[in-house]
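Hi everyone, thanks for coming.

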Amino acid sequence: MGASIKVTYRLTAADGSAARGRAEAIAVEQTVEFPADLITDPGIRDGIIGHPEFLAPAGPGAWEVVIAYDADVAGRCLPQLLNLVFGNVSLQPGVRVQRLELPEAVTGRFRGPRFGVEGLRFICEAPSRPLLATAVKPMGLSPLELADLAYRFALGGVDLIKDDHGLADQPFCAFEARVRACAAAVARANKKTGGCSRYVANLVGPAETLRERARFAKNAGAGGLLVAPGLVGWDTLRALAEDDALGLPILFHPALLGGFTVSPDAGIAHEVLYGTLARLAGADVVIFPNHGGRFSFSPTDCRRITRGCAAPLDGRRTALPAPAGGMSLDRVDELRTFYGDDVVLLIGGDLHRHGDLVETCRRFREMVELPLA
């Protein structure tokens with residue numbers, strides 16, 4: 001075996017013998033998917049089939065096992081890497097990807113975030129403070145009404161003004177009309193203030209339209225793309241991030257990915273899904289549900305995501321975590337204390353609760369420009 005991909009799985013099993021049996025079955029299932037006793041070719045048996053390397057208890061009825069796979073089995077593409085790590089076995093109960101160790105032979109195939117933390121700070125002219133983000137919403141407003149919101153957000157100094165993830169190409173809010181209007185509104189506000197706010201267009205739709213829509217957004221003046229890999233595909237995200245003709249920051253949205261992380265006994269660990277895999281695919285900003293909001297992520301889950309966004313990955317750029325989901329202005333100091341200043345603070349509906357929207361956004365901006373007490 002050459003360079004190895006090492007996956008740590010958490011398995012439910014009655015005892016060590018049963019766990020060992022599950023590990024051996026996973027090593028076969030994720031590679032040859034063929035009766036192991038019928039494999040006589042030593043090249044396949046020793047080089048293709050995964051090899052369990054470590055087994056240890058991980059709590060009552062739970063075990064952790066490390067399985068090493070030859071890096072060549074990943075097939076030089078992100079879909080096959082995902083398939084190798086968690087393809088068929090995702091259909092079995094009681095299996096969770098806990099950690100993922102990738103050799104440079106694999107990470108070197110992917111560019112990772114185009115901008116990363118330093119690049120985003122540069123284009124947003126924010127060398128040290130948290131970046132600010134919000135969303136144009138609610139769904140049901142017309143393109144011009146959403147553009148008016150975008151204009152006011154930009155006047156107030158919000159860095160990243162994104163479409164709400166439910167805005168697609170609906171009859172009441174067509175994609176091209178919305179993108180053209182919102183991008184122009186943000187540009188108009190920037191001209192007035194001298195700022196550099198960026199409108200981020202949501203990219204969702206039939207697969208054959210996505211690249212064309214991305215280029216339309218760029219040509220219309222959008223400053224970034226919002227992409228939900230659970231909806232449009234992980235390799236779609238990667239292709240957009242690596243497209244030099246686009247060259248736009250990518251904001252990762254977690255829609256449809258919740259089932260991977262909500263159970264401690266199944267799916268993919270938070271730091272792997274929202275950290276390692278999101279960065280391999282090219283996400284510059286990773287949006288996820290913050291603890292204490294509308295969703296069930298815990299402080300530990302959120303710390304793990306932050307760690308995954310910043311962990312060494314063979315020189316690939318780090319990503320900015322963007323805790324979201326019911327955040328409010330009165331939590332800004334708490335969020336900064338928890339995450340530090342390498343973070344995107346994403347506040348949506350609460351910005352509309354405090355009177356004049358422009359002044360509220362300016363207050364939001366002032367809060368992050370002041371040092372923490």
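This is a predicted model: local features need pLDDT of at least 70, side-chain atom pairs count only at pLDDT 80 or more; totals for chains, interfaces and linings use all residues.

Residues are numbered from 1 along each chain as its sequence is written, and side-chain values use heavy atoms, with hydrogens and water left out.

Two strands count as paired if DSSP finds at least two bridges between them.

Let's begin with the five-stranded sheet. This one is open, with mixed pairing, and its order is β2-β3-β1-β4-β10. The edges are β2 (51-57) and β10 (267-268); each has a single partner strand, so one side of each is left without a neighbour in the sheet. Inside this sheet, β1 (residues 4-12) and β3 (residues 62-70) run antiparallel and are joined by nine bridges. If you want one to look for, T12 has A62 in β3 as its bridge partner.

What packs on this sheet? Helix α1 (residues 16-29) does, touching β1, β2, β3 and β4 (95-101), and its direction makes about 25 degrees with that of β3. Then there is α3, which touches β1, β3, β4 and β10 and makes about 40 degrees with the direction of β1. For touching, read heavy atoms within 4.5 Å. For the angles, axes are lines fitted to C-alpha atoms, for helices over the stretch in contact, and the angles run from 0 to 180 degrees between N-to-C directions.

Now stay with α3 for a moment. Two packed helices are described by the angle between their axes and the distance between the axes. Here, α3 (residues 78-86) packs with α10 (residues 234-241) at an angle of about 145 degrees, and the axes are 9 Å apart. On the α3 side the contact is made by L78, P79 and L82, and on the α10 side by W234, D235 and R238.

On to the other sheet. How many strands does the open sheet with parallel pairing have? Eight, in the order β12-β11-β9-β8-β7-β6-β5-β13. β12 (320-324) and β13 are the edge strands, each pairing on one side only. From one strand to the next, the twist averages 25 degrees. Strands β8 (residues 224-227) and β9 (residues 250-252) run parallel with three bridges between them, and L226 has L251 as its partner in β9. Lying across β5 and β6 (160-163) you'll find α6, running at about 165 degrees to β5.

Next, helix α14 (residues 357-369). The expected span of a helix is 1.5 Å times one less than its number of residues. With 13 residues, α14 should span 18 Å, and its end C-alpha atoms are 19 Å apart, which agrees.

Helix α7 (residues 175-193) has 19 residues and reaches 27 Å from first C-alpha to last, close to the 27 Å expected. Among its buried residues are F175, R178 and N190. The cover over that buried set includes α6, β6, β7 (198-202) and α8 (210-220). Just after α7, G194 takes a positive phi of about 80 degrees.

Finally, some single residues. N290 sits in the loop between β11 (285-289) and α12 (299-310), and at 0% relative accessibility it counts as buried. Leaving aside neighbours within four places in sequence, N290 contacts residues including C302, P323 and Y339.

R76, in the loop between β3 and α3, has a positive phi of about 65 degrees although it is not a glycine. Is R76 buried or exposed? Exposed, at 67% relative accessibility.

P138 is in the loop between β5 and α6.

Definitions and conventions. Helices (H or I, at least four residues) and strands (E, at least two) are DSSP runs, numbered from the N terminus. Buried means under 20% relative accessible area, exposed over 50%, partly exposed in between (1.4 Å probe, protein chains only).
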